[in-house]
Amino acid sequence: MSKKLVDAIADMREADALRLAKEMVEGGSDPLAILGAAREAMGIVGHRYEEGTYFLPELILAGVMLNQIAEMVKPKLAKAAEVERHGKVVIGTVQGDIHDIGKDIVVFMLDVNGFDILDLGVDVPPEKFVEAIKDFKPQVVGLSGFLTLAFDAMKDTVEAIKKAGQRDKVKIMIGGGQISEEIRKYTGADAYGKDAMVGVSLAKEWVGAK
Amino acid sequence: MGKEWGELSPDEKQEALFQRWLSPKDPGGNDLKFQSPEAEKSYKERITRIKDAIQLKKRPDRVPVCPLPSMFPVFYSGMTNQEVMYDYDKCYQAWKKFVLDFEPDAHMGCAGPGPGRFFEILDYKLYAWPGHGVSPQHSYQCLEGEYMKADEYDALIQDPSGFFSNVYLPRVFGALQPFQMLPLLPGILEMYGVAFNFIPYGLPPVQGALNALMEAGNEALKWAGAVGGFDGEMATLGFPQILGGFTKAPFDTIGDTLRGTKGIMLDMYRQPDKLLQAMDALTPLMIKMGVGAALMNGKPLIFMPLHKGADGFLSDEQFKTFYWPTLRKVMMGLIEAGCVPLPAAEGGYNSRLEVIKDLPKGKTLWMFDQTDMARAKKILGDTSCMLGNVPLDLLSVGTPQQVKEYVKKLVQTAGKGGGFILANGAFFDNVKAENLKAMMEAGREYGAYR
């Protein structure tokens, strides 16, 4: 049953996936095992995205299926599912920019690759990143931006982190439609990712995960 | 003249639209008076250069150079986005300074910022703009939402225009929400019952919305009065405006405006047939939107900002199934009416090149951003003219020398034998002015054909 659920989610058969999950919940399956199957499927989806067989529609549908199954399972859940995590990432679209598609892909891919993520959303001022670094204590900070105006906002954010004495506590990666090595140098970030997969490998490298 | 418009072939129509662009009129309908014989000469040379690059029949004298900014003129003039959206004369002045200082072979007019007050009066929801969701310095940005619900495809398919007027309009403008009460017009068939249709117009909320509509109309007119003379004045100085109008790929019309990215991408799995039918239903409207504007403005180029078909968004198969067929139909509809589609492919289009090659020769101007231009030239070079590719990161933080080197290589590759217009790859705000100057200079220097 759980193998069937994994396949249905991974193969984008939404109706089958929801029916199977419902049957499992009603049949008294361990709610943690159902969530485990959904997570396993997310891993497969992430892998297919990396390989270039899946694209944005599949990431979106997979996310929606996971949420629906989580809602179904929630009432049966005694305690929250503990998943082993490699490390923590704070991420957000920088101040003045409200684009989120690229950031959301990175969040999805970091999540399926075992990171604990604090997503600050869009139009995030530098102070909010600083605060989040102090409270959430991530090893990695991800700054996203689509507009050319985001270049300065990224630079300002890196400087604010430095000023707050937090720069040596985190590695900073940046990404977005027009981001390049030149922009990385300009902003003072540690690295840039041209796509979500690079973001994941940078984060893994920095936290020492395999 | 001789032949009626409807009797002309697509080639003849395109030629006629280029001729209209080459022979501008003043608002009274008389031949435009140029400010000097040199300005008239430059105006015609610039358009001819662009026309030759697009048609691929004859190599132009040099690669045309057309920087296409987003809000760069605002930053360049030391203003804020909020100022130019609320003070229409300032907007005019900012764009004028940009055109006169950079001397582009064509510009895009100064309508980009739009009238801030107008958006306020109507309580526009689809965008955040300075003071309304973004800071005064920032440019307006889209706030996607589900302005059409997942179960409303049939309503859109059966009557796309009715859907826009009776459903979309009252949702996207808060002040026009009462228009949801208005009837669909086929109710006015006979004397019997016709008055029922007019009852909503007597109700206070609808009358309030009608007042807002008139106020918005006044504001739009005020804005048009302030910025409407811009293209004419620039023409008298020798600078043509490139845009005859704009339209969109049906996939983006649904994905950007009606359903949002998440909505349309779920629909690809949950109700693919409805989505395909809806895009078919929108196709004639998208053609009409572009052709109507081109005929009214007397210019062939129709801008098409492409969004959700870029590399990374969809698989090749999804692009071929959902994105390209109706985009191609819209482009062919424009081409048959004598227009030149100008699809702006932001991001990368590397995996799409073989597919989009399927268009007639000399009828399209592709704007490319991060697409490999050497490969694009090889694949599209004998069918379509290309524009763009100077990267925004380079213009933002590079040096003039780096820009010049990039441009030199670019015009030698993409400009080989003609069929290329030098421009930025994507629309830009606050890049370094000296880098843009370097792009212009290098384009004129290295882009000359000998």
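Predicted model: local features only at pLDDT ≥ 70, side-chain atom pairs only at ≥ 80, totals over all residues.
Colleague: Which secondary structure elements does chain A have, and in what pattern do they follow along the sequence?

Modeller: Chain A has 9 helices and 5 strands. Read along the sequence, the pattern is α-α-α-α-β-α-β-α-β-α-β-α-β-α.

Colleague: What radius of gyration does chain A have, and what would a compact globule have?

Modeller: A compact globule of 210 residues would have a radius of gyration near 17 Å; chain A has 18 Å, which agrees with that value. Along its principal axes, the C-alpha trace spans about 55 × 35 × 30 Å.

Colleague: How many of the residues of chain A count as buried?

Modeller: A residue counts as buried if 20 or more other C-beta atoms lie within 10 Å of its own. In chain A, 49% of the 210 residues count as buried. Of the contacts with a separation of 6 or more, 73% involve residues 24 or more positions apart.

Colleague: Into which domains is chain A divided?

Modeller: Domain 1 of chain A covers 2-76, and domain 2 covers 87-207. Taken over C-alpha atoms, their centres are separated by 28 Å. Their contact takes 7 residues from domain 1 and 6 residues from domain 2.

Colleague: Which helices of chain A each supply at least two residues of the side of domain 1 that touches domain 2?

Modeller: They are helix H3 (31-51) and helix H4 (56-73) of chain A. H3(A) gives the most to that side, with 5 residues. By class, the side of domain 1 that touches domain 2 has 3 nonpolar, 3 polar and 1 charged residues.

Definitions and conventions
Residues numbered from 1 in each chain as written. Chains lettered and ligands numbered in written order. Helix = DSSP H or I, 4+ residues; strand = E, 2+ residues; numbered from the N terminus. Rg over C-alpha atoms; globule rule 2.2 N^0.38 Å. Buried ≥ 20, exposed ≤ 12 C-beta atoms within 10 Å, placed from the backbone. Contact = placed C-beta atoms within 7 Å. Domains from an automatic or database assignment. Nonpolar A, V, L, I, M, F, W, Y, C, P; charged D, E, K, R; others polar.
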